[in-house]
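Have the sequence and the 3D view open side by side, and look up each residue as it comes along.

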Amino acid sequence: MILEVRYLDGVVRAGGATGGIGWPVEPGRLYAAMVNVWGIGGEDPQEERALCWLEGTRPPRITAPPLGQVSERRAFVPLNAVHTKGLEGYLPEGRNRQEKRFLSAPLLGEPLVRFHLEDPPEDLLPLLEGLATRVGRLGSSRSPVLVRLLRGEPPPLEGAETWVPVEAGGEKSLGVWYPGYLEALKERHWRLYALLPPSRGKPRPAGRTWEPLPARLQGYRREPPPREEGPLLLGQAIALKPGLPLPLWPLVEARIRGRLGREEVRLLPLAFVGRRHADGRVLGVGVAYPPGLGPGARLELLSRVQGLWGGEEAFGPWRVALLPPDSRETLSPGRWQGPAQGWATVTPLPLPRGEGSVGARVEGLLRGAGLPAPLAFRAGPFPFLEGVPPAWEFQPYFPGPGPLYHLLLVFPHPVRGPLVLGEGGSGFLAPLEVRHGG
């Protein structure tokens, strides 16, 4: 059985004095939301039986999309406390105010979170389904949701992450239900909201200090995505000393390709970009090949690459030594392989005019490279990576049928590189670090 939560706005919202957005959403919050609608609906004893069964089950496995960038705004809200003089001071305009943070973050992918549960007895299924469908929010009242019960195994969510409970440790600690959780929630509700004895004939709300949910913490670990080969495999590299300006890359690519004599390989500009103080210099040449290249051909290619080590080439006024790669991150295959959801161009890409919109042309290139359509993209003359020159500086060296564009791509799920969309060294992309809230 699966309880599936759809965020109707595609956005998660939270508030509080400190901290960020806890993600993925805690199972304990879903249970508390079901208890809330059970209480509002009259505390049906049959539904209570279903809640008692659920609190005795194991912590669920969770499938959730990653969060995008968290944004924040601040406001001053009335204190939730009763004035000593009685109800007159309980009105919002009569209360002191305190600063509160309001956080929000978009869901990167289909806005669905799934809690994978044990299968309940048949007579409890309609009761659990009735409770789930009455839940309208999860956590903050600014996060409207639609919850439904799935009895089969639905298709997997593209780009979603899977979180599994672990015995010890884990990347996150999430609040979960446990035997006795229903009674703990009842007790908390009574302490916070029960009416005090009448004063001057008028009952007074308790207005006691807010208390957190009495959930039990459970460690969760994120399952790594299945390891897949990218469209290219990055093998050996050739270090360049000194490094060369990035716009000169077509000259370097043509010279090294002529020395290697292999048409099926792709040469990649391993440039110092995307980091603080990056200067965009090409520090090395990455040699990539398709996964289908046989072992014998790979050994021959490696031999040819190693044969260039120790040599020297002249590129205009520069005399550049060709050396074995060292320990610098820029020359490491892991720097360019990902997997990552966000990618940005190191070298711009020509997009000829008159062939549909820029978005249609980008999607066509991605489709030709065997990549999914992006969730979002941006295109323009200015770079999206620190240290990369603007597109017009490449124009004299990247002859092509149209203007050059820098791209920023966000895929629905992490993809593995290295990624190259153009020819002659154009359209080479670097993975970005995607930050999650919480």
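In which loop does glutamate 43 lie? Glutamate 43 is found in the loop that runs between H1 and helix H2 (45–55). Please keep in mind that this is a predicted model.

**The chain as a whole**

- The fold is built with nine helices and 24 strands.
- Of the 438 residues in the chain, 46% are buried.
- Among contacts with a separation of 6 or more, 78% are between residues 24 or more positions apart.

**Helix H1 and what follows it**

- Helix H1 covers residues 27–40, and its 14 residues reach 20 Å from the first C-alpha to the last, close to the 20 Å expected at 1.5 Å a residue.
- Most of H1 is covered, with 10 of its 14 residues buried; these include Leu30, Tyr31, Met34, Val37 and Trp38.
- The buried residues of H1 also include Pro27 and Gly28.
- Is glutamate 43 buried, partly exposed or exposed? Glutamate 43 has a relative accessible area of 48%, so it counts as partly exposed.

- The largest nonpolar core has 50 residues, and the members that touch the most others are Val5, Tyr7, Trp23, Tyr31, Met34, Val113 and Phe115.
- H1 is the element that gives the most to this core, contributing eight residues.
- Another core, of 47 residues, lies apart from it, with Leu293, Val305, Leu308 and Leu322 among its members.
- What does methionine 34 touch, leaving aside residues up to four places away in sequence? The partners of methionine 34 are Leu3, Leu51, Leu54, Leu128, Leu131, Ala132 and Val135.

**Aromatic rings and charges over them**

- The structure has seven aromatic pairs.
- One of them joins tryptophan 336 and phenylalanine 428, whose rings are tilted, with 5.3 Å centre to centre and 40 degrees between the planes.
- This pair links distant parts of the chain, since tryptophan 336 belongs to helix H7 (residues 334–337) and phenylalanine 428 to strand E24 (residues 428–431), 92 residues apart.
- Both tryptophan 336 and phenylalanine 428 are buried.
- Arginine 335 places its charged end over the ring of tryptophan 336, at 4.6 Å from the centre of that ring.
- Tyr31, Trp177, Tyr178 and Tyr181 together make one aromatic cluster.
- Tyrosine 178 also has a charge over its ring: the charged end of arginine 216 sits there, 4.3 Å from the ring centre.

**Cis peptide bonds**

- Tryptophan 23 is joined to proline 24 by a cis peptide bond, with omega near 5 degrees.
- Proline 24 is part of the loop between strand E2 (11–16) and H1.
- The peptide bond between lysine 241 and proline 242 is cis too, with omega about 0 degrees.
- Proline 242 is located in strand E14 (residues 233–245).

- Histidine 277 is not a glycine, yet its phi is positive, at about 65 degrees.
- The loop that holds histidine 277 runs between strand E15 (266–271) and strand E16 (281–289).
- With a relative accessible area of 62%, histidine 277 is exposed.
- Arginine 416 is in the loop between strand E22 (404–415) and strand E23 (419–420).
- Is arginine 416 buried or exposed? Its relative accessible area is 18%, so arginine 416 counts as buried, the cut-off being under 20%.
- The C-alpha atoms of arginine 416 and alanine 340 are 6.7 Å apart, while the two residues are separated by 76 residues along the chain.

Key: Residues numbered from 1 in each chain as written. Predicted model: local features only at pLDDT ≥ 70, side-chain atom pairs only at ≥ 80, totals over all residues. Heavy atoms only, no water. Helix = DSSP H or I, 4+ residues; strand = E, 2+ residues; numbered from the N terminus. Buried < 20%, exposed > 50% of the residue type's maximum accessible area, 1.4 Å probe, protein only. Contact = heavy atoms within 4.5 Å. Expected span 1.5 Å × (residues − 1). Core = buried A, V, L, I, M, F, W, Y, C linked by side-chain atoms within 4.5 Å. Phe/Tyr/Trp six-rings, centres within 6.5 Å; stacked < 30°, edge-to-face > 60°. Lys NZ or Arg CZ within 6 Å of the ring centre and 35° of its normal.
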